[in-house]
Amino acid sequence: SDHVRTASVNLARGGVLIELERLGEAESALLEAHRALAGEPAKAGTREVGLLRSCLKAIVELYTTWAASEPDAGHSAKAARWQERLDAARAPSESK
């Protein structure tokens with residue numbers, strides 16, 4: 001569906017922007033992707049769940065990268081909060 005395609009594009013765009021160290025733009029793209037994917041979790045299929053996990057991983061990477069360059073800006077706390085969401089989204093077979 002359209003929201004999945006849009007989320008996929010924003011996820012890919014966010015990853016490229018992280019690589020380019022354009023972190024503010026990456027944040028916008030990744031948060032938009034997350035909003036699109038997290039909107040209706042009850043209707044999420046396998047592809048959406050996988051994309052959502054990839055999106056959460058990218059958001060954690062974003063804030064971890066940002067924390068390294070701006071250590072006192074609160075990005076470490078954001079990374080930790082998103083990591084919790086990622087941990088909660090893991091499939092049962094992936095848990096410890």
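The part I mean is helix α3, and which helices do its buried residues pack against?

Reply: This is a predicted model, so local features are given only at pLDDT of at least 70 and side-chain atom pairs only at pLDDT 80 or more, while totals for chains, interfaces and linings use all residues. Residues are numbered from 1 along each chain as its sequence is written, and side-chain values use heavy atoms, with hydrogens and water left out.

The chain has 4 helices and 0 strands (DSSP runs numbered from the N terminus: H or I of at least four residues for helices, E of at least two for strands). In sequence order the pattern is α-α-α-α. Of its 96 residues, 33% are buried (under 20% relative accessible area; exposed is over 50%, partly exposed in between, with a 1.4 Å probe and protein chains only). Among contacts (heavy atoms within 4.5 Å) between residues at least 6 apart in sequence, 57% join residues at least 24 apart.

Helix α3 covers residues 46-69. Its 24 residues should span 34 Å at 1.5 Å a residue, and its end C-alpha atoms are 35 Å apart, which agrees (the expected span is 1.5 Å times one less than the number of residues). The buried residues of α3 are E48, L51, R53, C55, L56, A58, I59, V60, L62, Y63, W66 and A67. To answer the request directly, they pack against α1, α2 and α4.

The aromatic residues come next. There is 1 aromatic pair (ring centres of Phe, Tyr and the six-membered ring of Trp within 6.5 Å; planes under 30 degrees apart are stacked, over 60 edge-to-face, the rest tilted). Y63 and W66 form this pair and are stacked, at 6.2 Å centre to centre with 5 degrees between the planes. Both residues lie in α3, and because they are 3 residues apart there, about one helical turn separates them. Y63 is buried at 2% relative accessibility, and W66 is buried at 12%.

E27, which is placed in helix α2, has a relative accessibility of 17% and so counts as buried. Beyond its neighbours within four places in sequence, E27 contacts L62, Y63, W66 and K78.

C55 is another residue on the buried side of α3.

As a packing partner, α2 (residues 23-38) can be described in the manner used for α3. Its 16 residues should span 22 Å at 1.5 Å a residue, and its end C-alpha atoms are 22 Å apart, in agreement.

The largest nonpolar core holds 22 residues (buried Ala, Val, Leu, Ile, Met, Phe, Trp, Tyr and Cys joined through side-chain atoms within 4.5 Å). L11, L30, C55, I59, L62, Y63 and W82 touch the most other members of this core. Each of α1, α2, α3 and α4 supplies at least two of its residues, and α3 gives the largest share, 9 residues.

G14 is in helix α1, residues 2-19, and is buried at a relative accessible area of 0%. Leaving out neighbours within four places in sequence, G14 contacts A26, A29 and L30. With residues up to four places away in sequence set aside, N10 touches A29, L30, E32 and A33.

The loop between α1 and α2 contains E21. E21 has a positive phi of about 60 degrees although it is not a glycine, and it is exposed, with a relative accessible area of 66%.

Finally, R85 lies over the face of W82, at 4.1 Å from the ring centre (NZ of Lys or CZ of Arg within 6 Å of the ring centre and within 35 degrees of the ring normal). W82 is one of the core residues that touch the most other members.
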